[in-house]
Each structure stands twice: as C-alpha cells, then as structure tokens.
Amino acid sequence: MGADFEPYRLRCELRGHEEDVRGICICGDSSIATGSRDKTVRFWRVDETEKSRYTLSKTMVGHNSFVGPLAWIPANERFPEGGIVSGGMDTYVFVWDLSTAQAIQTMKGHQLQVTGVTLDDQGDILSSSIDCTVRRWRNGDTVESWPAHQAPIQAILKLPSGEVATGSTDTTVKLWRGSKCLHTFIGHTDTVRGLGVMPNVGILSASHDGSIRLWALSGEPLVEMVGHTSLVYCVAAHSSGVIASGSEDRYTKLWRDAACVQSIEHPGCVWDVKFLPNGDLVTACSDGVIRIWTTDADRMAGTPELDAFEAQLSFYKSNTKTVGGIKVSELPGLDALQQPGTKNGQTKVIREGDTGVAYSWNSADYKWDKIGEIVDGPDDLQGRKKLDGVAYDYVFDVDIEDGEPIRKLPYNRGDNPYFVAEQWLLKEGLPLTYKEQIVQFILKNTGQANVALDYSFADPYTGGPPEKYNFKYIPKRGMLYFDTAQFDGILRKIAEFNNAMASDEGQRLLSLNDAESMRLNAIVAILKDTSHYHTSAFADTDMNILIKMLTSWPVQMLFPVFDVVKMMIYHPHGANLFVNCLQSGNDILMDTFRRATAAPALAANQLTSIRAVVNAFRQTCFRTWLVHHRSEILDLFSECCSSSNKNIRLSYSTLILNYTVLLIDSKDEDGQQQVLSAAMELGDAQEHDVDVRFRALVAIGSLMLDGLVKHQAIQLDVKSIAESAKSSKEAKIAEVGADIEHLIKSV
C-alpha cells in the first residue's frame, strides 16, 4: 500500500432499492442518484441531522425494465432543484424533474437497451445503446443519430474538453467530436464496459478482459492495470489521482500509480463506482445496497455498522459456497463435535465460519481430530465428471509448471493416491519426482488431509522410505514465448500511420506504396496461419518491406511494426530471414531496438520490442546473436523493471527467465551474474505482480541450483528475498521461496 494512500473504510449504507443497483450519478457537491433493476431511480441527500449519513429524498417510477445509466442536470430555471436523465433496458431515455419527481420527457428512438447517457456543453442529451448507435436529443426529440460502432455500445462519456468517448463490445474506445471519429483506441481484448475521466490525463476504460486502461486523448495507451479476477464493469477517478474499479469478482479495487493499493470486498458484484467531490467513494452492488466509503476518520462508520457489514459478507459467502455439493450454510456447527464418533476413523464435515472443515474420530484419545479445510473438486456442482469417456469423482486441472499446458488429473474416492499419481505421471511423460507433489494435491483437494509438503513423510500406503528434497519449480526447463498477436489491430494501426505519412509531403517517401501494403497483408496472412508454420514461407522481398519500416519510420510509429517482427521471429522461416540479414552485417534489430528504447522511450515500443527479443529464444539460429548482445540487450531494457506498465514488467521478467535458461546451458558465468542481478531486483520488489515476481524467483533459484553463481547470490543477500517470498500469501511464491531457502542451507 502506498505510503501516501489512506485506506477507505465504510461510511454508510443507502438502503431502499429492492434489486441490483446498476448506476450511480453524483449530483452537485454531495447528493446521489441511483438506478436499479427494480425499475426505479432514487435520489439521496445528506442527512441534515447526521452528516455522515444519507436519506432517501425522491423515488422516481416510470421505466418498465431495469434502469442503468444516469446523468445530472444542474439546477436552472427549468429545473429549480436539478434534474436527472436515465436510460433503461426498456430502450427509453427519461428526463426527471427533481422538484416533482416526475418524468417531463420520455424519449423513444433506440431499438435496444440504453447503456449510457450524458449531457454535452450545449445541454443536448447524448445516449448510447446496444443497437450500436449514439443519439443526440434536444427538447425531447432526436436531432442526430449515427452508428458509432459495429457492435453494441456499452458506455458513453463526456470529456472536460467537450469531446465524447464511447466504449463497445468490439473491444475499442472511440473519441468523437460531434459525429466525427477523431481516434480509435485499440488494446483491450474483450468488451469495453465502462469509461471514466482521469483528470488532466485522459480516458480510463474498464473491460471484460479483466483490465483497466488509461489512454492519452491521442489514443496512446499509457497504463494497464490488472488485478481483478473477472469482468470489470466500471471505473472512475478522483482529482487526487486515485482510481476505483468494480467487478463481477465482488471487489472494488483502488489504484494509485497503476498499482492496486486496496481491495474492498462486497456481498455481490460491483456494478458501478463514483467519487464524491470530497474524495469519498460510492459503490453500487448487486445486493441492492449503495455504500459510501471514506478516508476521513470523522465520517467513518462505527463498530456496530462495521460488524454488520462483515456479517453480510460472511452470510453471503456461506450461502453461496458449497463443499461436496452441499451448501456450507447447511453443514452442522461445532456443537456437532460434542457427539462422540461411532468408530475409529469416522469423519464429519463441520461448518466453521464460511467454510467446511473435516474431522476424524480418534478412538484411542476419544476425541475428534481436525483433518483440514475441505476444498471442492471441480465436479461438485454437477455430479461425476467424464474424461475420455470415463466418469470420475474428480477431474482436476493441474498446472505443473509456469509456461506448461494445463493437464487433466482424474481421481476416484477410495483410490490409492500414490498409485494414481505414479500412473498419471507415467502417462503424461512427467518426472516421477513430482509424485509427492501430486499426492499432496490429491489429498488436499479431496478433503482427505491438510498435509503440508514434508519430505520426511513416508508413503502411508506402501511404507516406502522418505524421498529426497524435490524442488517444485526449479531449475527452469524450456523457455517462454509470446505466440499470439492482435493482427487486425496491428494492420489498422500500421495503415493509420502509413496514411498519415502519405499525406505529409515531408514523409511521403517513407510510406508504403500500394504494392508494399498488399504484400504486408500477405505477410500477416501467413503469420495468422499458425497451424502451417512448419511448412509456410515468405517471399524474398518481404524482408525489404520490414527493413524499410524499421529503418525509416518515425520512432513513435514503430510499435505495430515490432508486433509483426515479433511473430516473424516466432515463425521458423521468418527467423531465418532475419538471421541471414544479421549475418550479412546489417544488424537491423539491434539498431532499431537502440532507437526505440532511447529516453524517453514510448511504453508501446518497450513492450513490443522486448517481446520480439523474447521470441528470438525460440529459434536455435538466434542463440549466437542473443549471447553476443546479451549485455547490451539487458541494459537497453533494464528500465522496464520499474515500469508502471504491468505487461512491460511481465515481458521483462520473461526475458530474464529465458536468458537464465540460455546462460546456464552455455555455462556463461559473467552472463549469469548480470542476469542474477536483474532477477534479484525484480524478486526483491514485493509490490510487483505475482507472475513477475514468480518468474524472477524461478530465475534466481535456477541460477543457484544449476548455474555458477550460488555463492554470489548468497553474498547479495538472497536469503532476505527467500524469507520474504516464503511469507507470501501466494502459494507459488512461497513455494519457490522455500526452494531457494533450501539451496542456501545446503551450502
């Protein structure tokens, strides 16, 4: 949590809606309007007798389906107390007079659900819809309508500059001046669901791809924030720089400087978030309650209200969580343990808090022994699951190693887990050293035990001797790559840049002509067809097109070209074409990477160029080049370690991990020392994303186990990094931390 960030605490709850609250509108300095699935719009004012609370002032009824987006009309002659604009699933846009709580205009024009409403600087109402259009309304009539996207529009936002932004199921954000599209922002990989203004910076977007992005008004992506585990529905920002987002995962997350600084759990999905001018946060939840959160101690709720909210969370989780197909709320409580067991080994599942815990009757000591928390198998809600036509009690997804495919592990209750683990490992072609790990996974996830990995543990089914220490994640075998690309978006961006140069007298000669553009489309068509990479090939002249763009295009236009280069390098024949060019004395890649990473480097260039280098590790023909330029490549991208962009940091950690594998194989001690230093910098930063830190820790452990720099790592205080990792709540971070600690102790 940032040193200058004060965590939000509950201020009060606004109760009155009967179903999900879908939309929030801040009205003036402190009043709030809300729209709900219960078909009403409600208006709330600060309680005059207790300023930290709100009271329901008006209820507006008129929509015949759920109400979502809202907009505020400041008080004027026509609306002495102000007005509200609402849009609904019923396709209508309503204008409400707060002085009477009556609808004075009902506007029909959209064919499908209205998803957004806002007012422009002239007082016109703008609305967006699932019907793919934006409509402009004046005095209750449509004065303009245009198809803004090719897919449903999910949000509309009026910017302080007067322009309007829209977000769509087509994954894009568009910026409009009137009905003219100024920019199309490409980057999300799923529906753009919500938009917000980042004061003095640009536009925020929330997406079903699980991310929040910040964009400059020019369309340049500035920051990506990833942390939600499900669809993100909404985003808002305060002038202090704090950003809030709400998600299907039931959390509101607070962000500062692209890092998540607080997560606030709700008893249902969070449909909308808004900031009050004083910095307090308003959230709309599917449980029908609006909640206000504050950092001001004077406005925070008292202990009874906080305890009541915690009880709501616990009740929600206990009533939705199941173990073994049974609701936790239906399990017996701890008082059931007062009844003695009938035979040794008898088991009972007891409700403790919001989870189920298994107990076994110990006849010798005449007591119930706690076995451990029950963890559902993935089939509990749907009965027995089939794999390859055979029904099993459990079919687990097993993630053996970072970068390896997910594998299916079937298991039936009563089977010998040691036998199952051994047979499964043989079938999957995996080392038998994983056996103990798989056994413990089965025991834990079938509720048979809660046994930590203990390498003095003898096989209780065979009586076999204890096995030697098995490293779970190290050494790293194989490398990681970036094998996908948004080809259509890449081509659109290249075409946009190319058209700009073609219309500029001074840059016209740098642009691609029609024949070159057609050939670039052919290159991308080959790259799209990944199933034929082993047989497809490029024309001899294709490299000339890429070289032209890499050497002559302005540095700010290089990032989509790097995306093409990334996939060319991933393609076997494409990689050979590049290496042939490099061997002829024209090191076009290093020359361009130096140019693209020179300060101040564009984030998009850093991201796409580092991924191109990462993909070079896939091809044997690139190994000599990677070793030769190792020192410079790591120096060029060293600033990525502290980037505010999560994807850049993840790409950089992948580069470090791949270099680890390569330099261990080549026994390059100098190179290993440089990579170790970079990996320790990443591994020591606890605020980094889990995957970034994990890859750095795996690199450190691999270099210590199979490399030549174990003693150097110890001298650089790797012990503190291992101890910090072991204390992490993330299992894989803690486990690789334990691996590194074991290496330290073995010296």
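Which residue lies over the face of Tyr251? Lys253 does, at 5.6 Å from the ring centre; a charge counts as sitting over a ring if NZ of Lys or CZ of Arg is within 6 Å of the ring centre and within 35 degrees of the ring normal. The charged end of Arg618 likewise sits over the ring of Tyr570, 3.9 Å from its centre.

The model is predicted, with local features needing pLDDT of at least 70 and side-chain atom pairs pLDDT 80 or more, while totals for chains, interfaces and linings use all residues. Residues are numbered from 1 along each chain as its sequence is written, and side-chain values use heavy atoms, without hydrogens and water.

A search of the whole structure gives 15 aromatic pairs (rings of Phe, Tyr and Trp, the last by its six-membered ring, with centres within 6.5 Å; planes under 30 degrees apart are stacked, over 60 edge-to-face, the rest tilted). The Phe5 and Tyr8 pair is tilted because the planes stand at 45°, with the ring centres 6.2 Å apart. Both Phe5 and Tyr8 are buried (under 20% relative accessible area; exposed is over 50% and partly exposed in between, with a 1.4 Å probe and protein chains only). Tyr92 and Phe94 pair edge-to-face, at 6.1 Å between centres and 75° between planes. Tyr92 is partly exposed at 26% relative accessible area, whereas Phe94 is buried at 7%. Tyr92, Phe94 and Trp96 form one aromatic cluster.
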